[in-house]
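Morning, everyone. Please have a look at the sequence and the structure on the screen, and then I'll walk you through them.

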Amino acid sequence: MRIEQLEYLLEIAKANSFSSASENLYLTPQSLSRSVSKMENELGFKLFERSSQGVRFTEYGEIFLRSAHKIVWEYRRTLQEIQEKRYTADELSGELIIYTNPYFELERLPSVLEKFCAENPKIKVTVIERDPQGIYQWLQRAEQEGNRLPYLGIVLVPESREDFFDGLGKDNTLHFETLEIKPYYVYVGKEAPLAKKNELSIKELLEYPFVIFSSSEGNMTPLRFIAEQYGALNIIFTTSSITLWLNAISSGVGVGLFQDISSYMVKQNKLDMSSIAKIKLKEDIHAVSGCLYSLASGEVHHLIKVFMSYLTMIN
């Protein structure tokens, strides 16, 4: 059993709602359900019951929940104590270079950067936006050239290929670590005939033109996986502007396929979704945001470790 599973359990108890807990944890309900089932199988008893009124912990579940609180609290306190001793303000200095996909794909990244820079003023942070292929190639080149600067990639890959980067080469020492999993949806204009549908299949969508956000979407991303599995997409318009992408969809230029755009994304980026309909996909397709970094030296660079601790702590 992992600490993160106990943290999932605490969030379920706090939210008193399975769906709310999965949203707060940046997990799909299916992923959270699988994690809970693994815990229950390992423990040998049911932790809680779900109903329309919320979540009700069983007698054994309540006992285990109290222990989970203590374990997670002690774990976090210990990590904080070690971090404070190991990395003083003077030690935490240098440069951290972060390569990322379009910033809103990992919606909590801006707040993480703000907190990290405020608490670590001696670290120079550079954020460069590139597509997943470019991020991978740059990290691999830096590794081959023996560059030991802390380079961190934040990328988007298909859920069914979480080991996508790890399997790219026998001698590859780049490591991919999952941060969050979000479902893909179909986006169409509210006046379009498809807007009346409750759900759509990939096969149905192949009959329509696609509007793609970011020129990288057909490369090392979930859309590449979709094209390989179901057939080529009829892409008629590509843009790196989220506003133009939404405008093209609302005006009927084509349909869009993208991960779930949350209310947080809409607010942070001042997006107008009033003329856009979001439709569920019949296929269970998700996008995985994660960190990509080198293990060539046998361990993760300490600045990357610290930054990733911020990514996992801030929700």
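**A first tour**

Of the 315 residues in this protein, 46% count as buried. Buried means under 20% relative accessible area, exposed means over 50%, and partly exposed is in between, with a 1.4 Å probe and protein chains only. A word on the source: this is a predicted model, where local features need pLDDT of at least 70, side-chain atom pairs count only at pLDDT 80 or more, and totals for chains, interfaces and linings use all residues. Residues are numbered from 1 along each chain as its sequence is written, and side-chain values use heavy atoms, with hydrogens and water left out.

Now the elements. There are 11 helices and 12 strands. Helices (H or I, at least four residues) and strands (E, at least two) are DSSP runs, numbered from the N terminus. Next, contacts, meaning heavy atoms within 4.5 Å. Take those between residues at least 6 apart in sequence: 79% of them join residues at least 24 apart.

On to the inside. How many residues has the largest nonpolar core? It has 21 residues. A nonpolar core here is a set of buried Ala, Val, Leu, Ile, Met, Phe, Trp, Tyr and Cys residues joined through side-chain atoms within 4.5 Å. Cys 291, Phe 307 and Leu 311 have the most contacts inside this core. Which elements supply at least two residues each? Strands S3 (94-100), S5 (151-158) and S12 (286-294) do, and so do helices H5 (109-119) and H11 (302-313). H11 gives the largest share of this core, seven residues.

Stay with Phe 307. Leave aside its neighbours within four places in sequence. Phe 307 is then in contact with Leu 96, Ile 98, Leu 109, Val 112, Leu 113, Phe 116, Leu 152 and Ile 154. Another core, of 20 residues, lies apart from the largest one. Leu 6, Ile 12, Leu 25 and Leu 47 are among its residues.

Let's go to the start of the chain. Helix H1 packs against helix H3 (residues 29-43) at an angle of about 110 degrees, with the axes 10 Å apart. Axes are lines fitted to C-alpha atoms, for helices over the stretch in contact, and angles run from 0 to 180 degrees between N-to-C directions. That makes H1 roughly perpendicular to H3, a label for angles of 65 to 115 degrees. Which residues make the contact? From H1 come Gln 5, Tyr 8, Leu 9 and Ile 12, and from H3 come Leu 32, Ser 35, Val 36, Lys 38 and Met 39.

Also in H1 is Glu 11. Is Glu 11 buried or exposed? Buried, with a relative accessible area of 15%. Glu 11 and Ala 21 are 10 residues apart along the chain, and their C-alpha atoms are separated by 5.6 Å. Leaving aside neighbours within four places in sequence, Glu 11 is in contact with Ala 21, Asn 24 and Leu 25.

Now Asn 16. This residue sits in the loop between helix H1 (3-15) and helix H2 (18-24). Asn 16 has a positive phi of about 55 degrees, although it is not a glycine. At a relative accessible area of 37%, Asn 16 is partly exposed.

Ile 261 is in the loop between strand S10 (256-259) and helix H10 (263-269). Ile 261 counts as buried, at 8% relative accessibility. Not counting residues up to four places away in sequence, Ile 261 touches Tyr 187, Trp 245, Val 266, Leu 271, Met 273 and Lys 278. Ile 261 and Tyr 187 are 74 residues apart in sequence and 9.9 Å apart in space, C-alpha to C-alpha.

Last, Ser 240. Its loop runs between strand S9 (235-239) and helix H9 (242-250). Ser 240 is exposed, with a relative accessible area of 63%.

Notes
Parallel < 35°, antiparallel > 145°, perpendicular 65-115°, else oblique.
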